[in-house]
Amino acid sequence: MEADASSSTVRAAKDIAFGSVAGITSKFFEHPFDLCKVRLQAQVLDQEARFSGPIDCLTQTWKNEGIRGLYRGLPAPIVGAMVENASLFLSYSELQHLIRRYNNLPLSQDLSVAQLALAGAGAGGITSFLLTPIELVKCKMQVQMLVGSPISQDALASISASTLEAAAPSPSIAARAALPGPLAVLTNVVRTTGIRGLWLGHTGTFIRETGGSGAWFATKEFVASLLISLSPARARTKRELYSWESALSGACAGGMYNLAFFPADTVKSTIQTEEELRPRAKGAEKLTFFGTFKEMYRTKGLKGLYAGCGITIARSIPSSAIIFLIYDGLNQRFG
C-alpha cells in the first residue's frame with residue numbers, strides 16, 4: 001500500500017514537472033499571437049475596429065509598441081502555462097486511472113477514445129478554476145495600450161525630459177511607462193471587485209477548457225494510435241512514439257482544441273476587457289456570458305464570435321506540437 005502511494009506521488013510529481021516545462025516553452029513562442037487574438041476579440045463590440053485583421057494587429061503593435069509590446073502581459077501567461085499544463089496532465093492521468101478503477105480495468109489497458117475525451121474534459125474543467133484569474137490579468141494587460149488612460153503626475157515626473165522629447169512623434173511612450181504590471185492589475189481587481197472578481201468570465205473559460213481539452217487529448221491519442229498502426233513492423237505503445245509522431249499528433253490536437261469551442265473564448269475575452277475598453281456607468285447591469293454571446297452575435301454574427309480564430313489556430317498547431325514533443329520526450333526519458 002505504501003509502495004502504491006509512493007508510486008502515485010512520484011507519477012504526479014513527474015506529470016506536474018513535465019507539463020510545466022512543456023507549457024512554459026510553448027508560451028514564449030505563442031504569446032505574440034495570443035496577444036493579437038485577445039485584441040481582435042476585444043474589439044468585436046466596438047463601433048469602429050482598431051485593427052483590420054491579425055496581420056494589421058501584429059504590424060501596428062510592433063510599430064507602436066515594439067518587441068516589448070508583442071510580449072505585453074507575458075508574466076501572467078508564463079505562470080498560467082505552468083499551472084495549466086501541470087494541472088491538465090496531472091488531472092488527465094489521474095482521471096484515466098479513476099475510469100479504469102470504475103470499470104475494473106487493469107492499469108496497463110488503453111482506454112477508448114470516448115473515455116480519453118471524458119478524462120480530458122474533466123481535466124479541463126478542473127484546470128479552468130485555476131486558469132480564469134490568470135487569464136483575467138493577462139487579457140487586461142494585453143489591451144492596456146489600447147486605452148487612453150490618464151498618466152499620474154508621479155509617473156510623468158519619473159520620465160526624463162530627454163525621453164519625453166524623443167517620444168514627441170510617439171506620445172504612447174510616456175503612457176507606456178505608467179502601465180501597471182501583473183501584480184498591480186491583480187491587486188486592483190481584488191480591491192475593486194473582491195476575490196470573487198478574479199473569476200470574471202469563468203463560464204467562458206470553463207466551457208472552452210472542458211470541451212477544448214476533451215477534444216485536445218482525444219485527438220492527440222487518436223492520431224498517435226493511428227500513426228503507430230501505420231508502422232506495424234515493431235509493436236509499440238503510445239509511450240514509445242517517435243519525436244515526429246508526438247509533434248504531428250500534438251499539432252492536430254492543437255487545431256481541434258481551438259476550433260471546437262472558440263466562441264466561448266471570444267465571449268470570455270470581451271467580458272474580461274470590458275472595464276478597460278467599454279466601461280459601464282455605475283450601477284449598470286453587469287455582463288453575463290449568454291447576454292454577451294447574444295449581443296456579439298447580433299452585432300457581428302458568427303464572424304464576430306470567431307474573431308482571431310485564424311491566427312489562434314495558426315499558433316496553436318505548432319505550440320501544441322511543442323508541448324507534446326517535450327512532454328512525451330521527458331516521459332520517455334525520465335518517466
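N104 sits in the loop between α3 and α4. Its phi is near 55°, a positive value in a residue other than glycine. Most residues other than glycine have a negative phi.

Before moving on, note that this is a predicted model, in which local features need pLDDT of at least 70 and side-chain atom pairs count only at pLDDT 80 or more, while totals for chains, interfaces and linings use all residues. Residues are numbered from 1 along each chain as its sequence is written, and side-chain values use heavy atoms, with hydrogens and water left out.

**The whole chain**

Now show the whole protein as a cartoon. It has 13 helices and 0 strands (helices are DSSP runs of H or I with at least four residues, strands are runs of E with at least two, and both are numbered from the N terminus). Of its 335 residues, 48% count as buried. Among contacts with a separation of 6 or more, 81% are between residues 24 or more positions apart (contact means heavy atoms within 4.5 Å).

Select residues 54-70, helix α2. Its end C-alpha atoms span only 13 Å, whereas a straight helix of 17 residues would span 24 Å at 1.5 Å a residue (the expected span is 1.5 Å times one less than the number of residues). Where is the bend? α2 bends by about 100° at N64 (the angle between axes fitted to the seven residues ending there and the seven starting there). Buried residues in α2 include C57, L58, T61 and E65.

F289, T292, M296, G301, G304 and L305 are buried in α12.

**Charged pairs in α1**

Show the side chains of K27 and E30. They meet in a salt bridge, 2.7 Å from N to O (a side-chain nitrogen of Lys or Arg within 4 Å of a carboxyl oxygen of Asp or Glu). Both residues lie in helix α1 (residues 2-42), 3 residues apart, about one turn of the helix. K27 counts as buried because its relative accessibility is 11%; E30 counts as buried because its value is 6%.

Further along α1, select D34 and K37. Their closest N and O atoms are 3.4 Å apart, in another salt bridge. These two residues are also 3 residues apart, about one turn of the helix. Are they buried or exposed? D34 is buried, with a relative accessible area of 3%, and K37 is buried, with a relative accessible area of 3%.

D34 and R315 form a salt bridge at 3.1 Å, N to O. This pair links distant parts of the chain, with D34 in helix α1 and R315 in helix α13 (residues 309-334), 281 residues apart. Both D34 and R315 are buried.

The whole structure holds 14 salt bridges.

**The nonpolar cores**

Select F89, Y92, W216, F217 and F324. Of the 18 residues in the largest nonpolar core, these touch the most other members (a core is a set of buried Ala, Val, Leu, Ile, Met, Phe, Trp, Tyr and Cys residues joined through side-chain atoms within 4.5 Å). The elements that give two or more residues to this core are α1, α3 (75-102), α4 (113-142), α9 (202-229), α10 (243-272) and α13.

Centre on W216. Leaving aside neighbours within four places in sequence, W216 is in contact with residues including N85, L88, F89, Y257, I323 and F324. Another core of 13 residues lies apart from the largest one, with L40, A42, L70 and L146 among its members.

**Annotated spans**

Finally, colour residues 73-92, 112-131 and 304-327, which an unreviewed UniProt entry lists as "transmembrane region" (positions are in the numbering used here, feature names are shortened, and annotations may be inferred rather than shown by experiment). Residues 112-131 are 95% helix and 0% strand, with end C-alpha atoms 28 Å apart. For residues 304-327 the figures are 88% helix, 0% strand and 34 Å.

Terms used. Buried < 20%, exposed > 50% of the residue type's maximum accessible area, 1.4 Å probe, protein only.
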